[in-house]
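Please consult the sequence and coordinates alongside each answer.

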Amino acid sequence: MQQRLQISIDPALLLLALTHRSFAYENGGIPTNERLEFLGDSILGQAVTVKLFRDHPDLDEGELAKRRASLVSSVALAEVGRAIKIGPYIRLGRGETMTGGADKPSILADTVEAIIGAVYLDAGGEAATELVLRLVAPLLQDPARFGAAMDPKTSLQEMAARRGTSAPVYTVTESGPDHSKHFIATVAVGDLVAASGEGSSKKQAEMAAALEAWVRLNAN
């Protein structure tokens, strides 16, 4: 994993960054990667914000915010996680392993953030920022991504039309109490791709699913 990251990091911290709560629960409540994820999220946001601010002096605050959102989204971070192939290294509980947790966008994204947090603790802010910029560099070089991230459902529908297949079909499930609903959306585009997304509203979950599907189709 250190070779994939191109950075030296304390093995114990890296192992913690790869420990999902499902694994911790099944192994006596050992520490999870959630605190590192919290730290990494802040470092990621700062690094991307400064990069966009310096590279695009012509963009206003609204456009910069949209671009940042597209780069730090769970879909974008899941793509980063797949690129460095962290899925097989994540320590998951049996249930998550059986349901394909190693490729779930939310788990991949959280683990990427935890790794960034671990690098910050072990090697400092400069090394962590360097890692962030290296990981998101391929995303920054794909201008089409920003348009898709702004309106993923429309972008996915347009891509489906260009591929000559049926329009995207969404299904949404919800869970949790009324004051704290959690939604999971899945979208299918003919027989080309199926993807899922999560959110605190139906719209948010559908947008996450659409962006995940768009990214997969665009990669193909």
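Helices (H or I, at least four residues) and strands (E, at least two) are DSSP runs, numbered from the N terminus. The model is predicted, so local features need pLDDT of at least 70 and side-chain atom pairs count only at pLDDT 80 or more, while totals for chains, interfaces and linings use all residues. Residues are numbered from 1 along each chain as its sequence is written, and side-chain values use heavy atoms, with hydrogens and water left out.

Q: What is the order of the three strands in the open sheet?
A: Two strands pair if DSSP finds at least two bridges between them. Strand 1 (residues 169–175) and strand 2 (residues 182–189) run antiparallel and are joined by seven bridges. Strand 2 and strand 3 also pair in the antiparallel sense, over seven bridges. The order of the open sheet is therefore 1-2-3.

Q: Which residue in the hairpin turn has a positive phi?
A: Strand 1 and strand 2 form a hairpin with six residues between them. In the turn, the residue with a positive phi, about 95 degrees, is Gly176.

Q: Is helix 6 roughly parallel or roughly perpendicular to helix 8?
A: Axes are lines fitted to C-alpha atoms, for helices over the stretch in contact (heavy atoms within 4.5 Å), and angles run from 0 to 180 degrees between N-to-C directions. Angles under 35 degrees count as roughly parallel, over 145 as roughly antiparallel, 65 to 115 as roughly perpendicular and the rest as oblique. The axes of helix 6 (residues 74–83) and helix 8 (residues 105–123) come within 7 Å and cross at roughly 75 degrees. Helix 6 is therefore, relative to helix 8, roughly perpendicular.

Q: Which element supplies the largest share of the lining of the largest pocket?
A: On a 1 Å grid over the protein atoms alone, a pocket is an open set of points where a 1.4 Å probe fits, with protein on both sides within 12 Å along at least five of seven lines, and lining residues have an atom within 4 Å of a point. Of the 27 residues that line the largest pocket, the closest to its centre are Ser74, Val75, Glu198, Gln204 and Ala208. Several elements each supply at least two lining residues, including helix 5 (61–72), helix 10 (144–150) and strand 3 (193–199). The largest share, five residues, comes from helix 12.

Q: How many charged residues are in the lining of the second largest pocket?
A: Asp, Glu, Lys and Arg count as charged, Ala, Val, Leu, Ile, Met, Phe, Trp, Tyr, Cys and Pro as nonpolar, and the others, Gly among them, as polar. Among the residues that line the second largest pocket are His20, Arg21, Glu34, Lys104 and Asp110. Helix 8 gives the largest share of this lining, three residues. By class, the lining has two nonpolar and two polar residues, and the number of charged residues is seven.
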